[in-house]
Amino acid sequence: MKPKVAFFDFTGCEGCQLDALHLDAGEVIDLLNAVDIVNFREVMTERSDDYDIAFIEGSITRESEITRLKKIRDQAKIVVAFGACACIGGVNCLKNHLPMEEALKIVYGEDARYYDTIPARPADAVVKVDYCVRGCPPVTSELLKVIKALLLGKKPDIPNHPVCVECKMAGNVCVFERGMTCLGPVTRAGCDAVCINSGRHCWGCRGLVDDPNVDSEKEVLQKYGLTVEQVVEKFKIFNTYAEVAK
Amino acid sequence: MTDININVHQVTRVEGHGNIVVSAKDGKIEELRWEVPESPRFFEAMLRGRHYDDVPFIASRICGICSIAHTTASIKATEAAFGFQPSEQTLLLRKLLYNAETLESHVLHALFLAAPDFLGVGSVFPLVETHKDVVVMALRLKMLAYNLAEALAGRKTHPISCKVGGFAKLPELSELEALRGRLENALVDLDTTVELFKTLSPSIPDFTRETEYIALTDPKEYAFISGQIGSTDAGVAPLDKYLDVTNEFCVPHSTAKYTKNKRDSYMVGALSRFNNNHEQLLPRAKKAAQELGLSAPSHNPFMITVAQVVESVHAAEDSINIIDKILARGLEEEDNQVKVRAGRGIGAVEAPRGILFHDYTYDDKGILTKANCIIPTNQNHNSIQKDMDALVPLILSRPQDEIRLTLEMLVRAYDPCISCSAHFLTVSFK
């Protein structure tokens, strides 16, 4: 029996689901030979409530989503948070800086009373999450790697070293040397430092490494004449939910 | 006449969440609603207080499928606020990047999301067995679009290198040359796509409802990232009049806002662009339109998908032309520093699903103080509702499943992007 895989979207941009389809034909065929995709609303009409592995996309931003996620947890053997919103809260949590009534009023004005919203949170703030496929968006090859590991009954190997390691291997000039702030020293690797390779800095979308060396980041900032406030502002974009941002 | 009771909770194969509700008793329609229950996202609130360099990066997250459209609109609004004029090189690269998204999004919609309806299946997955060549071709086109975006901006979903002022990193000319070759091959694949849609066209419902069609329009080219607001009813209006055109309002049961202009609704997207600007399509795209029996003005919303196929051809042709221009002139590192000033700017682009506005106000430190975003799908919600109002009485005598499928196909034709608009579709026939 092939394992049954389901994708569920909560509050987000659905870019993770889209990139899950960023495969070549061989990969699609291999994947469909290995698993039964039974629930994937963005691309298929059929839906089943019988599944083994559930991928959760998006953050939790409504009371009704809490109930729905708990139901999924009850059904699935393995729950994987998929993408920054589900893993660490992501950009949706930026609204948490404002009182909910104010956020509603800014967007919907006098009609704000129609809408239900709660402070945004990652999936593991609501249920136990077994694994995370991180990033905004996640790297498709990492998704495949995780699916492969789960099929083999192994624990997926998720990096726990900072982006700096991959960035150095890519041969980039350090972003701090170019006079910009960067979250590479504290952010979990696995993206091959794609943002720095593309001429920018690390935005921290994969969340913190397990034991971030915050003191070292502060030292680096001092060395380059940058302030903690500057880096915290950048950090908040994806990591508002993390304790460190508070 | 039998009673009808349809309740499609979360229409599938669309981006985001929407419901269709229809109930009829003794041939009399009691309820007929397009509902948009997507979780509200609050981007306008979230962008407040952010530095201009972070604003397009955050705005990109409004939508994963059209992240390049949101990023571009956001960059344009910011540059307009600062009075910054990007270089010719930047504009060429931006348009090329933009074409990558248009191509990818249209191919995804036409071949993966809409085509299964015409082929009588629930998703693209069974087609891997029955129509393997088509699926392989669609994946090849998608991969090309991704690779083009990767060469220009690091990746397609949430692009990296494109920023306020210009590009943080330039592509290698050799990469562009290789992509040019693949784009030539893509034109052949797109010919096959046109042939495929010719065979599917008898299944396209014959339904028309004339409405107002709104799209960017530019005397210089078939507009995607330039021009002013064109309307088939009202002519051309400058971007700063966008609020007079869109007239947003809230409705109960929808987290997305609705819009109307000259009539009770208007349409945006590929068919609106085609109706406004078809004369400016590139030659191969024009020929594709002829072959597919699409002529302007078309008032059949089900033809939106066909217009997307035509625009896919245009995007590939235009990309080849741009690469030729770049190869002829070369690329050079530019000083793209912007000078910050307090002010307001409006950025408008044609996202795959239609005209998109970002309107920002910045203070003199380059911190955003106010944002307003008007999303294509929001502008179409009202049109979807009015189409349903016109369509359902015509098909009410048909079996309930057929009515349901036709309405789902209608919604899918609009290719709604509900995450953008808030989240999108449910049909309930109660």
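How many helices and strands does chain A have?

1. First, the ground rules. This is a predicted model, so local features need pLDDT of at least 70 and side-chain atom pairs count only at pLDDT 80 or more, while totals for chains, interfaces and linings use all residues. Residues are numbered from 1 along each chain as its sequence is written, with chains lettered from A and ligands numbered from 1 in the order in which they are written.

2. Back to chain A: there are 10 helices and 5 strands. Both are DSSP runs numbered from the N terminus, with helices (H or I) needing at least four residues and strands (E) at least two. With a radius of gyration of 19 Å, close to the 18 Å from the globule rule for 246 residues, chain A is as compact as a globular protein of that length. (That radius is taken over C-alpha atoms, and the rule is 2.2 Å times the number of residues to the power 0.38.) The C-alpha atoms of chain A take up a box of roughly 55 × 50 × 30 Å along the principal axes.

3. How much of chain A is buried? Of its 246 residues, 48% are. Buried here means 20 or more other C-beta atoms within 10 Å of the residue's own; 12 or fewer makes it exposed, anything in between partly exposed, and C-beta atoms are placed from the backbone.

4. Chain A splits into domain 1 (4–151) and domain 2 (163–241), with bounds that come from an automatic or database domain assignment. Their C-alpha centres are 25 Å apart. (Nonpolar covers Ala, Val, Leu, Ile, Met, Phe, Trp, Tyr, Cys and Pro; charged covers Asp, Glu, Lys and Arg; the others, Gly among them, are polar.)

5. Now chain B, with 14 helices and 13 strands. Its radius of gyration is 21 Å, close to the 22 Å that the globule rule gives for 430 residues, so chain B is as compact as a globular protein of that length. Its C-alpha box is roughly 70 × 45 × 35 Å along the principal axes, and 60% of the 430 residues count as buried.

6. Chain B also has two parts in its domain assignment: domain 1 (4–38 + 398–428) and domain 2 (43–393). The centres of these domains, over C-alpha atoms, are separated by 24 Å.

7. Where do the chains meet? In chain B, 46 residues are in contact with 47 residues of chain A. Helix H6 (132–153) is one of the elements of chain B that give two or more residues to this side, and H6(B) has the largest share, 6 residues. By class, the chain B side has 24 nonpolar, 14 polar and 8 charged residues.

8. Last, the largest nonpolar core. It holds 201 residues, and A:Ala54, A:Ile56, B:Leu97 and B:Val310 touch the most other members. Such a core is a set of buried Ala, Val, Leu, Ile, Met, Phe, Trp, Tyr and Cys residues joined through C-beta atoms within 7 Å. Helix H4 (residues 88–118) of chain B gives the most to this core, with 14 residues. Leaving out residues up to four places away in sequence, A:Ile56 touches several residues, including A:Phe8, A:Phe10, A:Leu69 and A:Ala123.

Definitions and conventions:
Contact = placed C-beta atoms within 7 Å.
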